[in-house]
Amino acid sequence: MVNSVLKQSRQRLLMGVSFAGLGLLTACGGGGSSDSAGASGGSSASNTLSGTVAVGAPMADALVRILDSEGNVVSSGVSVDAAGAFTGVTLTGTGPYRIEACGHVGENYRCVYSVSQGAGVANVTPLTTAAVLLATGDSPEDLMDGPGTSLDATSIAAAQTTLRTGLAGILADAGVPSNFDFISGDLSAGTRTGYDRVLDSVGVTTGEANAPFVQITPRLGTGNLYLESGQAAQGTLTVDSQAANVSLTGIETLFQNMSLAMANDTACRANLPGLLASTASMSFDGPSPAQGPSDVGTLMCDFIGASDEGPGFGVLFVSPTLGRCDLSGTDPVCRVSFVLKLQDGSLQSIGEEMAVVREGQTWKFKGDVNPIGIHANAALQRTQTFDSTGALAYTEHSRAFQFDIQAISGLQCAKVTQKDANGAEVLLAYYKRYSGSPQRLSVWRDSFSSLLSDPTDAGGQLRGSDDTQIQLPSGTGGDAAITNFYRGGRTVKVALYTDANCSSAMVLDGRSEFEVDMMGVPPLSDRIENFPWPILTDSTVSSLRTLALATGESTTFNASWTFARGYTGLDSASFCSDRQCGDQSPAQIGEVGFSAAARSVAIPLANPGNGTAVTTSGFKMLVLYGRTGEGMGVQNNFVHCSGTIDGFGQCQ
């Protein structure tokens, strides 16, 4: 479903701080020997390092940082070209050299990691990130600080063997040798062949449970692979029998041609319909989606060129990352990211669960992958309260899932389930139709707001027309569903029904059940503190404490932060003079977007005449929003309180 309003996507949790709403919308080659240059540093006569940064598509706006074995910075801010390549980095110090590349994948900011023992070639991909973790047993971001000698050639070789064993079918499908070196092997980003097809064929995530882990999910098959350093692999990956017959190369050409069609209104209306599938469908939250290439093309051109909400022509479609593919029908269908590069250079996702379809021998844009809009998102929030002296007095964390299920005509109930490590279905929640004309279904709860496992429970109720969020309790009570996503896969199944008791299946396009990818998974309760939260600088905390602004006046609030470990792709901020601070509230006196690579921002503040004066002793809150590389929404609330703070962190 395309987002109807083009603005910064924010996943705002209604926990601890009451916001008005929740903004969840949404290589050539194949050669290479076993651990050759990646383990030995290659045989380059020079003392330089080169490589390719890729995540199944070139990483946009990527920068590379390299450390030597002692933790000294060899080079930083190394640019990566449009093809994903970095070249000619002169090495100093001693190996092994740790490599970090950070940039945009779709609209999400992500870092990937690699290692080289010396000069030569070192690719940086999700699979080299996995190798680094499995070689050391540490989270890769933790290795980018201080000495690091554990990434020796032997441990890297063993890690790559583990990966190649689990990916045997994926490598064979891509025509890549079974002894392929993920670090030094041939890689051409965006070609969607060879090593690049391998990257397209799997989703690779890293996280921390009992120990740091690697999770790999297939995009051209089924299964789930869970790996920890020194432990036996759990799960398997199976490649679809039809995968070998599906070329991915035309997807890049399709998106390039769609970008050309965005030049102006005339080009859009003349050329875009020919790039759309015969089964194209697209919805803007409404009950009736546009159908067919002509109507969908008109809808997209109207949206892009809209004077009030549209981004305007001259935008470009970003090279897409691939999602899960359905190869069961005559025409293969693959989910893709759907992101625009705006004229100011910023990136904006304009749809989730979008797809391309291969009609005959040509890839076409399909639009909505499902006949109903369903989105699955995760969100994480931290609220820190500072007292009148600037000391940190209280910290609170919250986690949530949100499932947006479009309330199409006739739909009365939906059941959302996930798989556990054994493949068994586990209930997450029931959703039902609120009275009136809601846009989406609401969570089925009891009078205490707890989730109900029986859709016929006489005590069940719906809290409102937009209650779609499932708050996860702290401790182990909220960890079970998270662990299932780690061990059972990153998808949920949504079953639709025409009656409120969830007994009569609703069939759409021959199906009543739909699998949807989960955008991110929150950390387990004992790992929340270890999440890469931003830490405000002392000067920012002081400015928050001392800020005063009369009604009708304006100023600029300068905020800066660091990270104790890793990073989070923060990309927007707001400033509030009251805890009740929605987008249209006079209490929101500042709002700004910025680059996810930034570590500081200047927020223009304007206190409206219908607002209240901001005083040094009054309530003030700085909010930083962002997303992880997987798309999980992250919200950071920094509250100033000059009064007493109760046991729930509320400022009195």
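Two strands pair if DSSP finds at least two bridges between them. Helices (H or I, at least four residues) and strands (E, at least two) are DSSP runs, numbered from the N terminus. This is a predicted model: local features need pLDDT of at least 70, side-chain atom pairs count only at pLDDT 80 or more, and totals for chains, interfaces and linings use all residues. Residues are numbered from 1 along each chain as its sequence is written, and side-chain values use heavy atoms, without hydrogens and water.

**Exercise 1. Describe the sheet that contains E8, E9 and E11.**

Step 1: find the order. The sheet is open, has 3 strands and runs E8-E9-E11. Its pairing is antiparallel.

Step 2: find the edges. E8 (202–208) and E11 (225–228) are the edge strands, since each pairs on one side only. From one strand to the next, the twist averages 20 degrees.

Step 3: look at one pairing. Strand E9 (residues 212–218) joins E11 through 4 bridges in the antiparallel sense. Take Ile216: its bridge partner in E11 is Leu225.

Step 4: Contact means heavy atoms within 4.5 Å.

**Exercise 2. Work out how H2 and H3 pack.**

Step 1: get the geometry. H2 (residues 126–136) and H3 (residues 153–166) pack at about 120 degrees, and their axes are 8 Å apart. Axes are lines fitted to C-alpha atoms, for helices over the stretch in contact; angles run from 0 to 180 degrees between N-to-C directions.

Step 2: name the angle. H2 is therefore oblique to H3. Under 35 degrees counts as roughly parallel, over 145 as roughly antiparallel, 65 to 115 as roughly perpendicular and the rest as oblique.

Step 3: list the contacts. In H2, Leu127, Ala130, Ala131, Leu134 and Ala135 take part. They meet Ser155, Ile156, Ala159, Gln160, Thr162 and Leu163 in H3.
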